[in-house]
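I opened this model to look at its core and a couple of its loops. Here are my notes, in the order I made them.

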Amino acid sequence: VQLVESGGGLVQAGGSLRLSCAASGRTFSRYGIGWFRQAPGKEREFVAAISRSGGTTYADSVKGRFTISRDNAKNTVYLQMISLKPEDTAIYYCAAAYGGWGIRIYEYSDWGQGTLVTVSS
């Protein structure tokens, strides 16, 4: 499956953004989708994931501030981000796992190109 992220940008601390991950193909509903991020000079880290049935899990650092959701009719997964902090600045990637989901990078086989989120203080 091919993935395209959008919705990144520059926002002040405390602000909000909604990222979108649009997928191609007819089998989108069979994929679990994860969001990961990579800040400059740091390793890529897990942010949130949603299963085929809509189960969700979050990194502790974003719990209560980020919400992941999916619309299978639109082949799209969203990441709503509120109360953004400068430490949320990163390139955000969505990834797809056929028939599964998880919090580990290796669990995902398909990745988008990423969208940059910059949070100013």
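I call a residue buried under 20% relative accessible area, exposed over 50%, and partly exposed in between (1.4 Å probe, protein chains only). This is a predicted model, so I kept local features at pLDDT of at least 70 and side-chain atom pairs only at pLDDT 80 or more, while totals for chains, interfaces and linings use all residues. Residues are numbered from 1 along each chain as its sequence is written, and side-chain values use heavy atoms, with hydrogens and water left out.

**Loops.** I looked up Asn 75 and found a positive phi of about 50°, although Asn 75 is not a glycine. Asn 75 sits in the loop between E7 and E8, where E marks a strand, a DSSP run of at least two residues, numbered from the N terminus. Asn 75 is buried, at 17% relative accessible area. Next I checked Ser 83, another non-glycine with a positive phi, near 50°. Ser 83 belongs to the loop between E8 and E9 and is partly exposed, at 38%.

**Core.** My nonpolar core is a set of buried Ala, Val, Leu, Ile, Met, Phe, Trp, Tyr and Cys residues joined through side-chain atoms within 4.5 Å. The largest one has 35 residues, and Ile 33, Trp 35, Leu 79, Met 81 and Tyr 92 touch the most other members. Strands supplying at least two residues each include E3 (17-23), E4 (31-38) and E8 (76-81). E9 gives the most, with six residues.

**Met 81.** Which residues does Met 81 contact, leaving aside neighbours within four places in sequence? With contact meaning heavy atoms within 4.5 Å, I listed Gly 15, Ser 16, Leu 17, Leu 19, Arg 65, Phe 66, Tyr 92 and Val 117.

Note on methods
Helices (H or I, at least four residues) and strands (E, at least two) are DSSP runs, numbered from the N terminus.
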